[in-house]
Amino acid sequence: MIVHLRVFSYLQEHLPPPSNARGEVEFELPDQASLKDLFIALGFERRLGTRIFDTEVGHTFQVLVNQMAVNDYAHPLANGDEIVFFPPMAGG
C-alpha cells in the first residue's frame, strides 16, 4: 500500500528520499501495516535516538491520520491514507 506522509520541523531531516521541501513523501508499506510499522520503516526511533515505543504516541508526536488524531501505535493504516507527524512542542 502507498500512504502520503507529511512531517514538520526537524522531522523533515529524517525523511527518506525523495521527500520534497515541504516535508512530504509517498511511502510504501506492506498491506495491513500499522502506525508502528510506519515508524519502524522510517527508522524514527534509531534516527531520533529515543525509545519512542516505550510511551504512547502522543507523548512523542502528534499524529493525524486522515485529519483525525491517533494515539495508538497499533492503529491500522490503509492505502491512500494521509498521515501527518508533528514533533513535540516545547515552551509555555
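Glutamine 67 sits in the loop between S3 and S4. Keep in mind that this is a predicted model.

**The S3–S4 loop**
- Glutamine 67 has a phi near 70°, which is a positive value in a residue other than glycine.
- With a relative accessible area of 75%, glutamine 67 is exposed.
- Asparagine 66 is in the loop between strand S3 (62-65) and S4 too.
- For asparagine 66, phi is near 50°, again positive in a residue other than glycine.
- Asparagine 66 comes out as partly exposed, at 38% relative accessibility.

**Helix H1 and what follows**
- Helix H1 covers residues 35-42, and its buried residues are Leu35, Leu38, Phe39 and Leu42.
- Look down the axis of H1 and those buried residues fall within an arc of 100°, so they line one face of the helix.

**Tyrosine 73**
- You'll find tyrosine 73 in the loop between strand S4 (68-70) and strand S5 (82-86).
- Its relative accessible area is 10%, so tyrosine 73 counts as buried.
- Tyrosine 73 and aspartate 37 are 36 residues apart in sequence, while their C-alpha atoms are 8.2 Å apart in space.

Definitions and conventions: Residues numbered from 1 in each chain as written. Predicted model: local features only at pLDDT ≥ 70, side-chain atom pairs only at ≥ 80, totals over all residues. Heavy atoms only, no water. Buried < 20%, exposed > 50% of the residue type's maximum accessible area, 1.4 Å probe, protein only. Helix = DSSP H or I, 4+ residues; strand = E, 2+ residues; numbered from the N terminus. Arc of directions from axis to C-beta.
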